[in-house]
Amino acid sequence: MSINASGWRPEAPVAGGKASPTVTGNKGLMLEEKLIFEIGDVETTGVDFAEAPPLQGRGWGGAVPGAGLGETSPTPSPSPEGEGSADLLAGLFRTTPIGLPGLSEPETVRHYTRLSRQNYGIDLGFFPLGSCTMKHNPRLNEKMARLPGFADIHPLQPVDSVQGALGVIHELATWLITLTGMHGVAMSPKAGAHGELCGILAIRAALEAKGEGHRKIILVPESAHGTNPATAAFAGYQVEDIPATAEGRVDTQALIARLGPDVAGVMITNPNTCGLFERDMRTISDAVHAAGGYVYCDGANFNAIVGRVRPGDLGIDAMHINLHKTFSTPHGGGGPGSGPVVLSEALSPFGPLPFVAKQADGHFALIEEETAGDDHPHAFGRMVAFHGQMGMFTRALTYILSHGADGLRQVAEDAVLNANYILRSLDTTLDAPFGASGPCMHEALFSDNGLATGFSTIDIAKGLIDEGFHPMTMYFPLVVHGAMLIEPTETESKAAIDQFVAALRSVAERAKAGDVSLKSAPHFAPRSRLDETLAARKPVLVWKEPVLAQAAE
Amino acid sequence: MSRYFTEDHEWVEVDGDVGIVGITEYAQSQLGDIVFVDVPEEGKELAKGDEAAVVESVKAASDVYSPVSGTVIEGNAALADTPGLVNEDPEADGWFFKLTLSDADELNALMDEIAYKAFVEKL
């Protein structure tokens, strides 16, 4: 035989080997990456530009050699021809280099690619952030939103050239009205809290039209979203809390007892932030109406009841719908959101401009201040410059049409089924304060009751990061100590939920047993536990060039 | 000298017509690490219940209400650089401000130490 004497002798790996720290800080595929200012230098550029011509007479001697390339303080040198002419920059010309990071193209590509790999999103894994409805975003939505007829139009185009887009807005509006059993809809608000403001302003306009602008109180139960009292206060109302019952719902008797001629309305989140359906909604609405007030419903959790419950049947006067939650237009990371507000017959006349109206001949018109005429004299005003979030409208309508009425009903059913599966899988491991209140809706709520001394919800959340999950919502709602609010959504498979349950069960058992390694978790993330106190006491808000050590001579 | 407490977890230590105000041990334990404190300036007139100071932790920013009416003599300057004093010693070195009481009768509506302790235990 012939021998390949290369020295390579294939063999099984030695078991039990321990990793030693790496010189680079990289851990295999988990690559460290510095801030963009800390890599490269200001004198490098990935693109060549011709030398800038001098800006004669404008204060800035653009032709100073090395200007902007890292040399210190090039002196402005107005050229002789410019002497005496006006300084067009009013003395605000730049006197120091701009200090932009200088990276070559491959360095730039690697920088952003490495950062993107340190990110976590719904396309990567389970994202059970309670009250945020982080569900899968169907790619069909994206395909439709990118059609040139939707993506390449401008809000100031003549309406005759954008009939298709206006038709989408009208079609979506019709679906939202039908699904909620309401009378009208304001499509323009840009997100949930913006929609809340729209609803409250419509209520205020309706009260003022009746000569009852003196009503200054908005009642907000403890189980409402935090934005509700903020919205009411922003609109100039005084907020009064209504307590929750032991089972996590609005204390209906306390609410009814508080009603009176000074109450403008109530803001109720349904399903509420304890993940429970407010069963007394109809009773509450009737009582509020009898007392001369209006009912605002925070519809951020509509995902749990779409196709099953029509808020209009519950006596609600205004409710925002988060298209970016219920109808899966993407959110997280800053938006964009979209928060249309459905309105009752009583409030519809007061809704904002502009809106799309379908005329008898099938033509879509945009009703604005100039065209509202006598048909819409009570509109409270305008929330936004243009029509709303067109890109979200196309996505939401695609989602609605691709699911159909039966599919939307199944969305709610599966979201509730998944949440109850989590609630009942974990209620022997963790304390479920409202577990006895019956089935939950789209989210399951646990407390930190029963953890070892010194351990809190944040330790469980950090432990979940090591297990590869985005943590749940923590310490909210405030009515539960150390709250953990888990929303799986309908788009997770049983296998994915089972894996999450196994991970949370393991981390929770460690927290109950006082496993100290949990106090410094996460250990496997690009960064371990941050010192939030130090970060808040001595915040570093901008990158500063380090002072170079003087070279020893 | 005697010390009084409010239901909003402020304490006031009174000596003659001068009161020293701070937040209680229970309050600091609930807030977590304090990262910023804003104390009132000398000469500020406060009515009982007025927002007198702000205390901020990683968790939340909270208003501190004046337990009594009066005129501020001095804010605790040490808290600007070492807000952590409120965590370490909330009922002594971590005081917020001193004021001249304008109505000593207001003290009658406050709790003494035993009553405050009982109040906290029920929370």
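This is a predicted model: local features need pLDDT of at least 70, side-chain atom pairs count only at pLDDT 80 or more; totals for chains, interfaces and linings use all residues.
Helix 5 and helix 6 of chain A cross in a right-handed way. Helix 5 covers residues 192-209 of chain A and helix 6 covers residues 227-234; their axes come within 9 Å and cross at roughly 45 degrees. Angles under 35 degrees count as roughly parallel and those from 65 to 115 as roughly perpendicular, so helix 5 and helix 6 of chain A are oblique to each other.

Which residues make this meeting? From helix 5 of chain A come G192(A), A193(A), E196(A), L197(A) and I200(A), and they meet T227(A), N228(A), T231(A), A232(A) and F234(A) of helix 6 of chain A. Sorted by class, the contact between the two helices has 5 nonpolar, 4 polar and 1 charged residues.

Stepping back, chain A is divided into domain 1, made of 177-370 + 377-398, and domain 2, made of 409-537. Taken over C-alpha atoms, the centres of domain 1 and domain 2 of chain A are 30 Å apart. Domain 1 of chain A gives 18 residues to the contact, while domain 2 of chain A gives 16 residues. On the side of domain 1 of chain A that touches domain 2 of chain A, there are 8 nonpolar, 7 polar and 3 charged residues.

Next comes a sheet. Chain A has an open sheet of 3 strands in the order 10-12-11, with antiparallel pairing. Strand 10 (444-446) and strand 11 (473-474) of chain A stand at the edges with a single partner strand each, so one side of each has no neighbour in the sheet. Strand 10 of chain A is joined by 3 bridges to strand 12 (residues 484-486) of chain A, and the two run antiparallel. Within this pair, A444(A) stands opposite I486(A) of strand 12 of chain A.

| Cis peptide bond | Omega |
|---|---|
| L353(A) and P354(A) | about -5 degrees |
| A521(A) and P522(A) | about 5 degrees |

P354(A) lies in the loop between strand 7 (341-343) and strand 8 (355-358) of chain A. P522(A) is in the loop between helix 13 (494-513) and helix 14 (532-537) of chain A.

One more backbone detail concerns T133(A), which is not a glycine but has a positive phi of about 50 degrees. T133(A) sits in the loop between helix 1 (105-117) and helix 2 (139-145) of chain A.

Definitions and conventions. Residues are numbered from 1 along each chain as its sequence is written. Chains are lettered from A and ligands numbered from 1 in the order in which they are written. Domain bounds come from an automatic or database domain assignment. Two residues are in contact if their C-beta atoms, placed from the backbone, lie within 7 Å. Ala, Val, Leu, Ile, Met, Phe, Trp, Tyr, Cys and Pro count as nonpolar, Asp, Glu, Lys and Arg as charged, and the others, Gly among them, as polar. Axes are lines fitted to C-alpha atoms, for helices over the stretch in contact, and angles run from 0 to 180 degrees between N-to-C directions. Helices (H or I, at least four residues) and strands (E, at least two) are DSSP runs, numbered from the N terminus. Angles under 35 degrees count as roughly parallel, over 145 as roughly antiparallel, 65 to 115 as roughly perpendicular and the rest as oblique. A crossing is left-handed if the near helix is turned anticlockwise from the far one by less than a right angle, and right-handed if clockwise. Two strands pair if DSSP finds at least two bridges between them.
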